[in-house]
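Please look at the sequence and the model shown here, and then read on for a short report about the ligand and its surroundings.

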Amino acid sequence: MRITSRYFVAPTVGLLALALVACSSPAPAGTEKEAPVEKTTLRLALNQTEEHPSFIALDAFGERLLEATDGRWDIEVFPNETLGAQAETLQLVGDGVVDMAIVSGAQLENLSKDFIAFNLPTVFDSVEHQISVVNNPEVTADLYSSLADGNNISVVGGFTQGARSIYTKNAPAESPADLAGQKIRVQESELFLSLVKSLGASPTPMAFGEVYTALQSGVIDGAENNEVSYFTQKHHEVAPYFSYTKHLIGLDYLIINSGKLDGLTEEDRAAFDEAWTATYEQHTELWTEATEKAISDAEAAGATFTEVDSDAFADALEPLVDQFLTEPSQKKLYDAARDASKK
Ligand code: GCU
């Protein structure tokens, strides 16, 4: 059965209350002389399924961390929006009710406009380029700590979302003209609203977990995402025309409650950072294979993947960069990313 965030808003509160009670538990005792290790489990909210590379890599993050901290820190991943949709989990992490979450760059854009720099079309040339920039502290240290004071949120690093493309219910979109007047779901951000408007379509913001039902019922005519989410969320069943608009390379962030992160000893923090590096590397490796599998599985289920007039899409989106890159701090980040592409 599919579970959407709508059905989960009410039970979530009770579930969280229960979950909080069991936050720390003693790990199995060693010899009688050793004091039992106090284990803290970090709860991580994710809106993807268990087959998605993000779940697989984050689940392994927990194992890595547990081992590297001799049982002191663990991570439990809650998939399928069970702790809430991203806009809610962003708030819950800031409040310390949930410890960690994966949220899209579109969500962080709502807390600080500086994050727009990494959400724009044209900022990244490839997944490899993107990952080298968004996990390089020389570029990101100030940005990733900038939400701690006001929001109690620290950004750990980034996972790729791969290239995002548009998919529709009725026919492929080979050029922006084919999208005229169509209602396309977007993430809740100004940039994504403007992006879809620039293509001549009508943007409808909504949470990820509501997209399947909205497509099915005809509330929207299409959406935009990568092949992996398109297949794992079963959107191909209700919107079988995937058009390779590749309008940008999407970015997810791992966020953590700042107080929780500060609670790690220096030694455990080093283990955390090392385990995270292995985690985003694993995720990047899994991504290509997961994308290929999503395409062949969706095709086998009747979806079609169509190449588009890329120049027409690029021309329509070109004004967005100047429109949204207005602050020197944003430009600095954008330029740092572009410079890394030339190296
Ligand atoms: C991708 C991304 C998610 C995001 C989703 C969306 O699947 O990985 O973090 O929530 O797109 O479009 O909402």
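A polar side-chain atom of Gln-48 lies 3.0 Å from an oxygen atom of the ligand, and the table lists this polar contact (a pair of N or O atoms within 3.5 Å) beside two others.

| Residue | Distance from its polar side-chain atom to a ligand oxygen |
|---|---|
| Gln-48 | 3.0 Å |
| Arg-164 | 2.8 Å |
| Asn-225 | 3.0 Å |

The ligand on its own has 310 Å² of accessible area, of which the protein covers 98%, as computed by the Shrake-Rupley method with a 1.4 Å probe.

This is a predicted model, in which local features need pLDDT of at least 70 and side-chain atom pairs pLDDT 80 or more, whereas totals for chains, interfaces and linings use all residues. Residues are numbered from 1 along each chain as its sequence is written, and side-chain values use heavy atoms, without hydrogens and water.

The residues around the ligand, with a heavy atom within 4 Å of it, include Ser-104, Phe-208 and Asp-252. By class, this shell holds 1 nonpolar, 8 polar and 3 charged residues.

Elsewhere, Lys-260 forms a salt bridge with Asp-99, with 3.7 Å between the closest N and O atoms; the term means a side-chain nitrogen of Lys or Arg within 4 Å of a carboxyl oxygen of Asp or Glu. The structure holds 8 salt bridges.

Note on methods:
A polar contact is a pair of N or O atoms within 3.5 Å; within protein, one must be able to donate a hydrogen and the other to accept it, and residues adjacent in sequence count only if both atoms are side-chain atoms. Ala, Val, Leu, Ile, Met, Phe, Trp, Tyr, Cys and Pro count as nonpolar, Asp, Glu, Lys and Arg as charged, and the others, Gly among them, as polar.
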